[in-house]
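Below are some notes on the fold, written as numbered points. Please read them alongside the coordinates.

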Amino acid sequence: MDASSAGHSVVVQHLCGKASLGNIIALEAARTRLNREICQRAVAWVQAQPSFIRRWHATYLMRYRWITFSTLHLLISLLIWSHFFLKKFRQKENVPTTIPAEKAVLPEEAGLPMPFYWAKRLVPPLEFGLMHAILFQFAVLPITMSRHLLTLASQTSLAAFVPFEHMVSFHIYVGYIACAFIVLATIGFFAFFGSACAAHLHGSPHEPEDFCAKLTSEIMITGYILFGCVVIILMSSAFRRYIKYEVFYVVHHLFLAVFVVAILHTLDDQFRQRTPVGKARSQNFHFLTTSIAIYAVDRLWTRICKGRCSLIKFSITGDKSHLLLKLRRPSWFSHSAGQYAYIQVPEVDPTWHPFSVASAPQGESLDFHMGIFEGQWTGRLVDLLLARGRNGRLGELAINVMGPFGSCIQGGERYQHMTLICTASGMAPAMSFISR
């Protein structure tokens, strides 16, 4: 009989006074049968549903906070888009009020085809709304990679609402949303300006304005650069499982160029010359400065929280598929179960690689379990360790550690008993949690 059953029996005996032990046992047996029947009916109902519903239900139960948080983010993005769409659309409605009443005419009276008229009325507001939705994604992305800030925030009451343990997944999700918005905005832009430019080149009386010149303007050139950088980042992210981590790491830092070009995008000649168009234009740095500053401070903080660790020992499995790296824990490194750290070995390459800490928080060592892949960073590290071991120079090997970061396992202290289900890279944080 478990603790909850024993406690329930005490309550029943207190309520029933001098109830016999047999009655209490019978009551407990009836309660057990009822619970078993409820569980069996619930399982039968789930199994009776189509497979995609079962998968969705299981995924939602495991990641309901991440799904809820991501849905909220998408709704906010759509709200921002609709707000600026309506703002621009109403500005278009007010444009004729600047024309003298005796000269104002309806589109059909001026001979302007209605489909093209509505394209001019709808496409600019659509693009305007998408631009601000993209800026919202750009403002969120640096926050999702502010590792120290997120690590500290995960230890507060915010952890009950924000899925800090899934923040990398949320970062990927926001990145894909931003890329999707940029692709949609680019397609809409070229479809609209391309058709208007073609109509002007063919001498259409309905398109006296030269839209072709706008395709080579300064703001367009920075837009081309911005789109090219985003496409490169998108492709490297989509195929990150098929390229080396070092390549992905370097290419992903193009986001720095994306933010610089995004700010320069609206600081064009129209803005510098203080034209009416330049004065009315939304400036990107107004939306991005705060999050960029937070990320820059967090990045500086991250670079400060690093140091060199001495190697205690390493071991390799017989099939050379797994490496255990045991380092001496520095005094400044204090981690919680489930957190990870970045490791750099300058003799291999200057790239920092993230690994979960498998050792106990109170232990004297930092244990890292790594899968060995020939030709990649871990394979080159093993070759270096074996060569150093043969020469007796393991103690001279420089291994730098940065961290700790993350919050893989949250709320475990609220429970007396837990069941950890993990495979592959999930074993390391589980080992740290168990050894705690």
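1. A polar contact here is a pair of N or O atoms within 3.5 Å, and within protein one of the two must be able to donate a hydrogen and the other to accept it. The side chain of asparagine 284 comes to 2.5 Å from the backbone oxygen of alanine 262. The model is a predicted one.

2. Where does asparagine 284 lie? The residue belongs to helix H12, which covers residues 284-304. With a relative accessible area of 4%, asparagine 284 counts as buried, because the cut-off for that class is under 20%. Apart from neighbours within four places in sequence, asparagine 284 is in contact with Leu135, Ala262, Ile263, His265 and Thr266.

3. On the overall make-up, the protein has 14 helices and seven strands. Of its 436 residues, 38% count as buried. The protein exposes about 25500 Å², and carbon and sulfur atoms supply 66% of that area. Taking contacts between residues at least 6 apart in sequence, 70% join residues at least 24 apart.

4. The largest nonpolar core holds 32 residues, of which Phe138, Phe164, Phe170 and Val258 touch the most other members. At least two residues of this core come from each of helix H4 (114-144), helix H5 (147-153), helix H6 (167-201), helix H7 (218-238) and helix H9 (255-266). H6 gives the largest share of this core, 10 residues.

5. What is phenylalanine 170 in contact with, leaving aside its neighbours within four places in sequence? The partners are Trp66, Phe69, Ser70, His73, Val140 and Thr144. Another core lies apart from the largest one; this other core has 24 residues, among them Ala341, Val357, Met370 and Leu381.

6. Four strands form an open sheet in the order E1-E7-E4-E5, with antiparallel pairing. Its edge strands are strand E1 (306-309) and strand E5 (353-356), each of which pairs on one side only. From one strand to the next the twist averages 35 degrees. Strands of a sheet pair through backbone hydrogen bonds, either parallel or antiparallel.

7. How many bridges join strand E4 to E5? Strand E4 (residues 340-344) is joined to E5 by four bridges, and the two run antiparallel. Alanine 341 stands opposite phenylalanine 355 in E5. Alanine 341 is also one of the members of the 24-residue core.

Key
Residues numbered from 1 in each chain as written. Predicted model: local features only at pLDDT ≥ 70, side-chain atom pairs only at ≥ 80, totals over all residues. Heavy atoms only, no water. Buried < 20%, exposed > 50% of the residue type's maximum accessible area, 1.4 Å probe, protein only. Contact = heavy atoms within 4.5 Å. Pairing = 2+ DSSP bridges. Axes fitted to C-alpha atoms, helices over the stretch in contact; angles between N-to-C directions. Areas by Shrake-Rupley, 256 points an atom, 1.4 Å probe, with all protein chains shown as cover. Core = buried A, V, L, I, M, F, W, Y, C linked by side-chain atoms within 4.5 Å.
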